[in-house]
Protein chains: 2
Amino acid sequence: MQGPELPRSDAQHAMKPPEVITAPARLRERIAAERRGGQRIGLVPTMGALHAGHLSLVDAARQDCGVVITSIFVNPTQFAPGEDFDQYPRNLDADLGLLGPAGCTLVFAPSVETMYPAGCETTIDVGGVARSLEGESRPTHFAGVATVVMKLFQLAPADAAYFGRKDYQQTLVIDRMVRDLNVPIELVICPIVREPDGLAMSSRNAYLSPEERCRALALHASLRLAEQMCSRGERDAAAIRTAMLALLAESDITPEYIAIVRDGTLEPIDPVDGPAAIAVAARVGKTRLIDNLVVR
Amino acid sequence: MQGPELPRSDAQHAMKPPEVITAPARLRERIAAERRGGQRIGLVPTMGALHAGHLSLVDAARQDCGVVITSIFVNPTQFAPGEDFDQYPRNLDADLGLLGPAGCTLVFAPSVETMYPAGCETTIDVGGVARSLEGESRPTHFAGVATVVMKLFQLAPADAAYFGRKDYQQTLVIDRMVRDLNVPIELVICPIVREPDGLAMSSRNAYLSPEERCRALALHASLRLAEQMCSRGERDAAAIRTAMLALLAESDITPEYIAIVRDGTLEPIDPVDGPAAIAVAARVGKTRLIDNLVVR
């Protein structure tokens, strides 16, 4: 017999579509009830348009937790004016069709008005870790991310929250916030999920034309090249960057940044003498893509 | 027989000195255990140097809650350089002597290093409500307050938190933050407690010389004058302000601000045709004092 604190069996969750909740009060009630029942609760914050990367987070949550909550909310405050908030893909029905078989118990899909009622003005600034790289290209982005994630952590007080490593700097931002504000939640960072040809899964890949989709492979290829150079003993960050730039240029891509940093930080590492994260951001056509990889 | 969710009897709490906790992990354990026992938990955030105003908050918490936690932490981030962080009165033993008989169950008294370990950079900005009045005189103050209160709310997840009305704008700042970040805590705002002669209780009153202590009475007197004018039918905010300024001038006090606002907001109200909060801030000697009062 399975105790109440153990994850539900696959058979059990596969048969039940997730309950969709839009009201915070209902969400709190459901979570309180599950908690009273001894369930460990996992939260997977998403903006919907789910792909295998998101589902890997749900799967990781399901391994650890009896109750898996996926939030689906395209958060306006993390988009700057002129970015793709309006175009961002939204398809709740398709998302729900994926989440049921993946083992998600509850879906929290609030409206913008529910999350940001009139008068809402509070923002969270995590400091230096939000300033460089993505923060330079998108100066208001991480305040929007930190604030909405904190709201979700309060609305859905889970034991653990699951984020993808593809958004490397975002994972550092959220980790900083959770530590600094003493949020009682465990962060679980899951590996990047890639298409068979190496492209990192992203909801924004849907924006790419066939020609752009092909050129976009250069991002991962440039990271693989860096990895190969490191494994052959290259330690010079400038040499690695130069080689990456050359490879990207072949696909007519000029990156917004190539960062070679000590893994788990944003500190530049040169020589590359320990675990390093190499991160790249670039526009392919009008679509902004990011990717990263760890070298040891 | 008393159920576990009822407040403890006076006899029960008077005999037990509060347990003093400095480690967050221990605090979480204790709160989780009390919660499992069905206790409602009240939090009274303070900076110590306790007076009857603080004790009225503990008393209010004890009326509602089986467990009352008082935090004692002189929060450096809400003091600007040159303010009185170093001089701020600290006397944990005296505070504990007051808290036991008042019915406080637990005291959380962390060190600055515990609350702000190296690398801590996250701050919370609640927007417009933090900008005027106190925010003009003390531009970094409310970010410090909001951030430490959020940290305390995460460290000591209470059902209700108790704050004094003396810090009127602070109550609006915290209310804004709690709403905007969906913090699952009830805020209880308690009335100002005054000395017999009308001076609002404040830990900073200890800074006043006998002569300053006497002049400081003009703050409350100016508020009482405003109240009398309103009760006699005066509706002109400018006339009320002028009369208050004249009365304060008699005690050689030039206020930093006199605010006449719709109660529960910082919106100026003129004519004074509904419940209004009248707030005053002034230095008496080197000591900065604030006070306020509601007129209807």
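Tutor: Before we count anything, a term is needed: a salt bridge is a side-chain nitrogen of Lys or Arg within 4 Å of a carboxyl oxygen of Asp or Glu. With that in hand, and remembering that this is a predicted model, we can turn to chain A, which is divided into domain 1 (10-190) and domain 2 (203-295). Three salt bridges are counted between domain 1 of chain A and domain 2 of chain A. A:Asp84 forms a salt bridge with A:Arg204, and the closest N and O atoms of this pair are 2.7 Å apart. Between the two domains of chain A there are also 13 residue pairs in polar contact, with both residues at pLDDT 80 or more. On the side of domain 1 of chain A that touches domain 2 of chain A, the elements giving two or more residues are helix H6 (134-137) and helix H8 (168-180) of chain A, and H8(A) gives the most, with three residues.

Seen as a whole, the contact brings 21 residues of domain 1 of chain A together with 18 residues of domain 2 of chain A, while the C-alpha centres of these two domains lie 27 Å apart. The size of an interface is often given as the accessible area lost when the parts come together. Here domain 1 of chain A and domain 2 of chain A bury about 1,600 Å² between them, with 51% of it on carbon and sulfur atoms. Within domain 1 of chain A, the residues that lose the most area to domain 2 of chain A are A:Leu133, A:Arg165 and A:Tyr168, together 35% of what that side buries.

Notes
Residues numbered from 1 in each chain as written. Chains lettered and ligands numbered in written order. Predicted model: local features only at pLDDT ≥ 70, side-chain atom pairs only at ≥ 80, totals over all residues. Heavy atoms only, no water. Domains from an automatic or database assignment. Contact = heavy atoms within 4.5 Å. Buried area = accessible area lost by both parts, 1.4 Å probe. Polar contact = N/O pair within 3.5 Å; in protein donor to acceptor, adjacent residues only side chain to side chain. Helix = DSSP H or I, 4+ residues; strand = E, 2+ residues; numbered from the N terminus.
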